[in-house]
Amino acid sequence: MRLVLLGPPGSGKGTQAARLKVELGVPHISTGDMLRAAVAAGTPTGLKAKAVMDAGKLVSDDILLAMLEERLSQDDVKNGFILDGYPRNVAQAEALGHLLAKIGQPLDAVVKLDVPDEVIIGRVEIRFKAEHRKDDDPVVVRDRLKVYAEQTAPVADFFAKRGQLQVVDGVGELDEVTARVKRALAQESAAANG
Ligand code: AMP
């Protein structure tokens with residue numbers, strides 16, 4: 001199963017991906033986690049990305065594509081993956097399409113978690129108190145939501161136009177949301193198998 005999870009910051013992509021990876025037996029690839037690891041390790045990519053991330057803006061497409069290409073060349077993605085945090089704009093969606101075509105691993109499903117802004121703001125506030133991520137600061141979150149609306153929301157349209165988008169209600173108990181995503185994936189594979 002090759003799956004992209006879309007949704008605004010705080011929509012639960014990371015949480016749901018961590019649960020789904022166990023059920024689907026494929027790795028969870030979070031570009032945000034990869035970048036945070038690069039920052040923590042002080043790599044050249046991390047040094048370039050830190051200020052941009054702290055401001056809630058998008059790190060450059062070139063850096064992300066190189067990172068993703070390297071990750072998707074590893075053995076553990078042979079049976080699929082759950083991509084969380086990429087693509088973040090239409091150029092990245094196009095780049096992903098080319099990359100997956102090149103390695104012969106097209107996407108099976110794209111699921112967007114739908115969560116209203118008021119719910120997001122409340123959730124991220126809780127995460128900020130627990131994890132102290134600079135980009136979860138309430139002021140920065142508003143900027144991240146703006147970046148999402150301007151640059152990432154069109155990615156959902158990009159996949160919708162190709163008939164690949166499934167929208168799932170991301171509000172509710174964790175188990176319930178996981179069950180909704182699984183139902184969407186089951187529908188997708190039933191449709192794919194005719
Ligand atoms: P996330 O954990 O997915 O919310 O990502 C945290 C931050 O990492 C984002 O606010 C961006 O600064 C950066 N980031 C993660 N994924 C991407 C991406 N695909 N393109 C650009 N920046 C990204």
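A salt bridge here is a side-chain nitrogen of Lys or Arg within 4 Å of a carboxyl oxygen of Asp or Glu. This is a predicted model, in which local features need pLDDT of at least 70, side-chain atom pairs count only at pLDDT 80 or more, and totals for chains, interfaces and linings use all residues. Residues are numbered from 1 along each chain as its sequence is written, and side-chain values use heavy atoms, leaving out hydrogens and water.

**View 1. Arginine 180 pairs with glutamate 176 by a salt bridge.** Their closest N and O atoms are 3.4 Å apart. Because the two sit four residues apart in helix α8, about one helical turn separates them. Helices are DSSP runs of H or I, at least four residues, numbered from the N terminus. Glutamate 176 is partly exposed at 32% relative accessibility; buried means under 20% relative accessible area, exposed over 50%, and partly exposed in between (1.4 Å probe, protein chains only).

**View 2. Glutamate 23 meets lysine 182.** The closest N and O atoms of this salt bridge are 2.7 Å apart. The pair joins distant parts of the chain, helix α1 (residues 13-24) and helix α8 (residues 174-192), 159 residues apart. Glutamate 23 is partly exposed at 47%, and lysine 182 is partly exposed at 37%.

**View 3. Arginine 144 and aspartate 136 form a salt bridge.** Here the closest N and O atoms lie 2.8 Å apart. Arginine 144 is buried, at 9%, and aspartate 136 is buried too, at 0%. Both belong to a salt-bridge network that also links Arg127, Arg133 and Asp135.
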